Amino acid sequence: MPQVSETIPDKLAPRVAAAVTWFNQSTESAEDIFKVTGILDPHEALNGSDELKLILCGGDRCEQRSFRVTGSTDAWVVEPAERIATPQADKLQADLDPPPGVRAAWIDRTLSQHPFVVLLFYRGFW
C-alpha cells in the first residue's frame with residue numbers, strides 16, 4: 001500500500017517544484033494553477049528513484065500524477081512517467097461516471113447556490 005505524506009522532504013523540494021512548474025505550464029493543467037498537497041512513497045525518491053508521485057490540487061480538482069525528474073538544480077528535465085497498466089486503466093469510462101479527479105471545492109460552491117444538494121452514490125462514484 002502506498003505511503004502518503006503531506007510534507008515534502010527538503011531534499012525533494014527542488015525536484016517537486018520543477019515537476020509542479022512543468023505541470024502548470026502543460027496543457028494538462030487546463031490553465032489552472034496546481035500546488036502539491038502530498039507525495040506518495042517519498043522514501044523511494046529519497047533512495048535514488050527519479051520518479052515522483054505527487055498529489056496535485058488546483059481549481060476544483062485534485063489528481064495523482066507521476067513524473068520523472070532528472071538532472072540538476074540548474075537544469076531539471078521533467079517528463080510524465082508512463083502509467084502502469086491496471087485492469088481499470090484499460091476500461092473506457094462509462095458515460096454516467098463523473099470525470100476523474102477529486103472535485104475539492106465543488107460541494108461548497110454548489111451549496112452556496114442552492115438550498116440543498118442531493119449526492120447520488122453509484123458504483124463508488126458520486
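Reader: In what order do the elements of the chain run from the N terminus on?
Author: Starting at the N terminus, the order is β-α-β-α-β-β-β-α. The chain therefore has three helices and five strands, where helices (H or I, at least four residues) and strands (E, at least two) are DSSP runs, numbered from the N terminus. This is a predicted model, in which local features need pLDDT of at least 70 and side-chain atom pairs count only at pLDDT 80 or more, while totals for chains, interfaces and linings use all residues. Residues are numbered from 1 along each chain as its sequence is written, and side-chain values use heavy atoms, with hydrogens and water left out.

Reader: What is the confidence of the chain, and in which elements is it lowest and highest?
Author: The mean pLDDT (the predictor's confidence in each residue, from 0 to 100) is 80 for the chain, and 77% of the residues score at least 70. Among the elements, α3 has the lowest mean, 83, and α1 the highest, 94. Over residues 83-87, pLDDT stays under 50, and the model has two contacts beyond four places in sequence for this stretch. Where pLDDT is low, the predicted coordinates should not be read in detail.

Reader: Why is Arg61 called buried?
Author: Arg61 has a relative accessible area of 12%. Buried means under 20%, exposed over 50%, and partly exposed in between (1.4 Å probe, protein chains only), so Arg61 counts as buried. Its place is in strand β4, residues 61-72. In the chain as a whole, 26% of the 126 residues count as buried.

Reader: What makes the approach of Arg61 to Glu63 a polar contact?
Author: Side-chain atoms of Arg61 and Glu63 come to 2.5 Å. The term requires a pair of N or O atoms within 3.5 Å; within protein, one must be able to donate a hydrogen and the other to accept it, and residues adjacent in sequence count only if both atoms are side-chain atoms. The side chains of Arg61 and Glu63 therefore make a polar contact.

Reader: What makes Glu28 and Arg65 a salt bridge?
Author: The N to O distance between these side chains is 2.1 Å. Glu28 lies in the loop between α1 (13-25) and β2 (35-40) and Arg65 in strand β4, so the pair, 37 residues apart, links distant parts of the chain. A salt bridge is a side-chain nitrogen of Lys or Arg within 4 Å of a carboxyl oxygen of Asp or Glu, and the pair Glu28 and Arg65 is thus a salt bridge. Arg65, at 15% relative accessibility, counts as buried, whereas Glu28, at 35%, is partly exposed.

Reader: How many salt bridges does the structure hold?
Author: There are five salt bridges. One of them joins Asp32 and Arg61, at 3.8 Å, N to O. Asp32 is in the loop between α1 and β2 and Arg61 in strand β4, so parts 29 residues apart in sequence are tied together. Asp32 is partly exposed, with a relative accessibility of 24%.

Reader: How do you know that Asp60 and Arg109 tie together separate parts of the sequence?
Author: Asp60 forms a salt bridge with Arg109, the closest N and O atoms being 3.2 Å apart. Asp60 belongs to the loop between β3 and β4 and Arg109 to helix α3 (residues 106-113), so parts that are 49 residues apart in sequence are brought together. Asp60 is partly exposed at 23% relative accessibility, and Arg109 is partly exposed at 37%. Elsewhere, salt bridges that share partners join Glu28, Asp32, Arg61, Glu63 and Arg65 into one network.

Reader: Why is Asp50 called partly exposed?
Author: The relative accessibility of Asp50 is 36%, so this residue counts as partly exposed. Asp50 is found in the loop between α2 (42-46) and β3 (51-58). Leaving aside neighbours within four places in sequence, Asp50 is in contact (heavy atoms within 4.5 Å) with Arg15, Phe67, Arg68, Val69 and Thr70. From Asp50 to Arg15 the C-alpha distance is 9.2 Å, across 35 residues of sequence.

Reader: Which residues have the most contacts inside the largest nonpolar core?
Author: Leu52, Leu54, Leu56 and Phe67 have the most contacts inside this core of 15 residues. Two or more residues come from each of α1, β3 and β4, and α1 gives the most, with five. The term covers buried Ala, Val, Leu, Ile, Met, Phe, Trp, Tyr and Cys residues joined through side-chain atoms within 4.5 Å. Beyond four places in sequence, the contacts of Leu54 include Val16, Ala19, Val20, Val36 and Phe67.
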